[in-house]
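Me: Please go through the architecture of this model with me, taking one point at a time.

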Amino acid sequence: MDIKAIRGMNDILPREAARWRLVEDTARRIFSLYGFSELRPPVMERTELFLRGIGDDTDVVEKQMYTFTDKGGDSVTLRPEATACVLRSVIEHGLLNADPVQKLYSIGPMFRYERPQKGRYRQFHQINAERLGEDGPFADAETLALAYDLASAVLGRDALLMEVNSLGCKACRPGFKGALEEFLASKQDVLCGDCMRRMHTNPLRVLDCKVESCRQAVQGAPSMEAYLCDACRGHFDGVLKGLHVFGVRFERNPRLVRGLDYYTRTTFEITAVGLGSQNAVAGGGRYDDLLSILGGPPVGGIGFAFGMERLIMLMGEVQDRVSGCFVVAQADPAVELAALGLIAELRAAGIPAEAAFGRSFKAQMRRADRAGYPLCAIIGEEELASGTLTVRDMQSASQAKITRSGVIQEITSMLAENKGERA
Ligand SMILES: [Zn+2]
Ligand SMILES: [Zn+2]
């Protein structure tokens, strides 16, 4: 068979799944510490949602969406991000009527038609948070602290850099944009083609351009901070104070922007700093107009997204520890039936159990070893006749005889001991 997976879409194989589960479990634990609930939107939405919710002059919408016409003639799109989907769901189900504060998270695959490269795939995964209905600076600080806690729990605090900025609001950003446009006009000869276009449509995105000549050119660009109105300045001060209280280590970065117009005030990014290279693992910010753009009430929000592939790439090996007992039986129908009964009893007691009958004793032991079981219960004619079992510790190779009737208790305590030794 030579049918392969689609380029940029990956299988997560059993040997990698432990890391994925660890990240997901960590995220769920931390979200619940902060009072966030899970919302699971579908992976496909009407194309219109993303045109409105992301903006049609962005790279994502212009070049990267998996959009097609379904059999009913509707234009549908595999979600390239989660925020628009979550907000669509909040509006559709009137969640804000039931509770004017919504703290939501979602975890799952996103789809973008990009050139695949290391760490970037066409199906990728995000951990997403959206917090709606609270405008104060401490809601922002707490949301940033959540993201920081999550990143710390997976990668360790020392590997992280959190950068924070304020993008101002409708009242004060136009002044900054004007000054920035004027500045960029004086740098026309060195800006890349994209930036030449963007400097008029969306000058903030030039600050974010990765092209070296553009990065050089914006060195002396005006900074948003000087243009913040009193309300935005007060809000930003509150955010920074809150971050101190939460123990978040951060730096202010006046160059940090989000490309989309609906982002307001607080914006942030978390990068993993290691061996000279920097990797953005999460980013987010406040969006006070997005809900109304999507047809919802004029309620503000703040959110963030983690790229799971990045987190997993950076977190190093995680051993998938198998617990439980492999049952090895002598090749004899009566013995094998007794062994089946033993397996059922172990599982009923919550102890993982497995067997591979119909092979030689040696081959069964090899399976037990390969699967990583700490214990092996051996049953043969002699054990069957005397109502006993031989239990082998796979690590030390020491064996002990136990009574068949006390098996659950014995194996439970041996597994607990084994766990204690390894921990
Ligand atoms: Zn403002
Ligand atoms: Zn550029």
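**Domains, sheet, helix and backbone**

The protein chain is divided into domain 1 (14-172 + 228-314) and domain 2 (325-418), with bounds from an automatic or database domain assignment. This is a predicted model, in which local features need pLDDT of at least 70 and side-chain atom pairs count only at pLDDT 80 or more, while totals for chains, interfaces and linings use all residues. Residues are numbered from 1 along each chain as its sequence is written, and chains are lettered from A and ligands numbered from 1 in the order in which they are written.

Me: What is the order of the strands in the open sheet of three strands?

Reply: Strands are DSSP runs (E, at least two residues) and helices likewise (H or I, at least four), numbered from the N terminus; two strands pair if DSSP finds at least two bridges between them. Strand E2 (44-46) and strand E3 (66-69) each have a single partner strand, so they stand at the edges, with one side of each lacking a neighbour in the sheet. E3 is joined to strand E4 (residues 75-78) by four bridges, and the two run antiparallel. The order is E2-E4-E3.

Me: At about what angle to E2 does helix H2 run?

Reply: Helix H2 (residues 47-54) lies across E2, E3 and E4, where contact means C-beta atoms, placed from the backbone, within 7 Å. Axes are lines fitted to C-alpha atoms, for helices over the stretch in contact, and angles run from 0 to 180 degrees between N-to-C directions. The angle of H2 to E2 is about 80°.

Me: Within what arc do the buried residues of H13 fall?

Reply: A residue is buried if 20 or more other C-beta atoms, placed from the backbone, lie within 10 Å of its own, exposed if 12 or fewer, and partly exposed in between. In helix H13 (residues 333-348), Ala338, Ala339, Leu342, Ile343 and Leu346 are buried. These buried residues line one face of the helix, because, by the directions from the helix axis to the C-beta atoms, they fall within an arc of 150°.

Me: Is Ala397 buried or exposed?

Reply: Ala397 is in the loop between strand E15 (388-393) and strand E16 (399-403), and its phi is near 65°. With 7 C-beta neighbours inside 10 Å, Ala397 is exposed.

Methods
Contact = placed C-beta atoms within 7 Å. Expected span 1.5 Å × (residues − 1).
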